[in-house]
Amino acid sequence: MSKIFELYGYRLDCWNAKASANREKAWCPFMNAECDGGGNRYLSALDIGKNPMLEKFFPGKKIVQSGVCSLRLRDFEQPWIVCPRRLLSLRGQQANYQTYVREQLMKCANLEQGKLYRAWSEVKMKVETTNDEDEAKSFDYTFDYVIAGSNRKKLSDVATLVGKGLRATQKIAENNQYTLAFRNGELWIDDFPSDPIVIVEIMTSSTSGGDKKKRTQIAMACEDAVICPESHNGPGINYRQVWARMVSQLIVKSQVGLAWHGKTFWLLQDVLAQYISSTTALDLSKHIAQTADEVNILAFGYGDIDAEPLAPIIEINNSSFYSGLITENATASISKGFVEIVKIGAPPDKEHLWRSLFKKSSCGNIVWE
């Protein structure tokens with residue numbers, strides 16, 4: 001049965017006083033901030049007032065997010081990360097147990113060691129565009145993170161870029177903590193975003209809806225794990241939803257990175273990468289690389305998590321880098337490359353269909369009169 005493996009950053013099977021103190025603040029050690037449920041789990045927040053038993057575990061709190069970082073479906077198997085903050089957070093300045101992940105990302109992105117880059121999170125873009133045939137198109141996506149360099153730019157040029165007056169543009173710059181300086185009687189922004197551009201997408205697993213009666217919904221599982229860790233049950237993993245979310249964006253976001261003369265990197269867990277290889281026509285093992293290309297995937301893993309001594313907070317230190325073209329052999333009758341992710345791995349024999357149909361009652365009859 002599925003169990004919560006990590007709660008508010010700490011292993012549930014080697015909970016200690018530091019873990020309890022951390023949980024009291026509902027703190028995420030990877031962000032070094034209060035847990036936000038991964039940014040997309042607000043409906044699973046814990047209302048302390050509705051469960052008085054939680055009050056002693058979260059003193060002074062009224063609402064906390066479900067701090068489930070990962071799930072272990074079976075004993076001795078690798079846990080599945082279900083919170084993107086667990087894999088990587090680029091918020092703030094501290095490494096927060098993610099030094100290795102950050103270093104691998106910067107190495108594969110060919111960013112200069114020792115040089116300062118900035119990261120923006122949840123970058124939304126909804127714009128109208130045109131293609132080469134002058135047809136109207138729209139682009140409506142949100143990037144998990146965008147990393148960029150910086151360069152000097154005249155405030156007047158920035159005002160033209162954003163379609164604002166000088167005063168309004170200066171206020172935006174000041175509110176967003178850009179550095180302003182006068183040179184030759186003109187105001188400049190010293191650290192305006194510039195190349196190189198690195199788009200970072202973090203794809204972690206989704207949980208199944210869970211069973212309310214069995215208390216396997218994410219919020220219920222979190223409550224039970226806090227109150228009595230030994231007897232809680234967790235939700236399952238929705239493998240297909242994860243794959244569907246990723247495949248719908250993988251090519252598009254990789255293409256836009258290339259269009260901007262930058263790179264897009266997808267950060268996954270190794271077990272998710274293995275699932276993709278086993279269920280689609282894309283065999284990632286054939287794309288192990290040393291340098292970035294059109295599509296780039298960094299897969300990270302826990303390693304031997306049961307080796308002694310057990311660490312209350314695990315820093316991920318294993319990775320594989322996969323890279324390649326979106327489409328290979330485009331002029332051939334069969335195109336390959338990372339587009340293989342949209343193709344079926346291998347169709348099942350028809351006998352499997354007959355077996356499935358035989359095990360169900362038909363829902364009705366159809367007659368064409």
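This is a predicted model: local features need pLDDT of at least 70, side-chain atom pairs count only at pLDDT 80 or more; totals for chains, interfaces and linings use all residues.
Which residues of helix 4 are buried?

View 1. Residues are numbered from 1 along each chain as its sequence is written, and side-chain values use heavy atoms, with hydrogens and water left out. Helix 4 spans residues 155–162, and its buried residues are Leu-155, Val-158 and Ala-159 (buried means under 20% relative accessible area, exposed over 50% and partly exposed in between, with a 1.4 Å probe and protein chains only). These residues cover an arc of only 105° around the axis, so they sit on the same side of helix 4; the arc is that of the directions from the helix axis to the C-beta atoms. Their cover includes strand 10 (136–154), helix 5 (166–175) and strand 12 (186–202). Helices (H or I, at least four residues) and strands (E, at least two) are DSSP runs, numbered from the N terminus.

**View 2. The other side and the end of helix 4.** Here you will find Thr-160 and Leu-161, both exposed. Gly-163 follows helix 4 and has a positive phi, near 70°.

**View 3. Helix 7 against helix 8.** The axes of helix 7 (residues 239–259) and helix 8 (residues 270–279) come within 11 Å and cross at roughly 85°. Axes are lines fitted to C-alpha atoms, for helices over the stretch in contact, and angles run from 0 to 180 degrees between N-to-C directions. The two helices are therefore roughly perpendicular to each other (65 to 115 degrees). Tyr-239, Arg-240, Val-242, Trp-243 and Met-246 of helix 7 meet Leu-272, Tyr-275 and Ile-276 of helix 8, where contact means heavy atoms within 4.5 Å.

**View 4. Two cis peptide bonds.** Look for the bond from Asp-195 to Pro-196, which is cis with omega near 5°; Pro-196 lies in strand 12. The bond from Glu-308 to Pro-309 is also cis, with omega near -5°, and Pro-309 belongs to the loop between strand 14 (295–301) and strand 15 (318–324).

View 5. Asn-110, a residue other than glycine, has a positive phi near 60°. Gln-177 is in the loop between helix 5 and strand 11 (180–183) and is exposed, with a relative accessible area of 69%.

Key
Angles under 35 degrees count as roughly parallel, over 145 as roughly antiparallel, 65 to 115 as roughly perpendicular and the rest as oblique.
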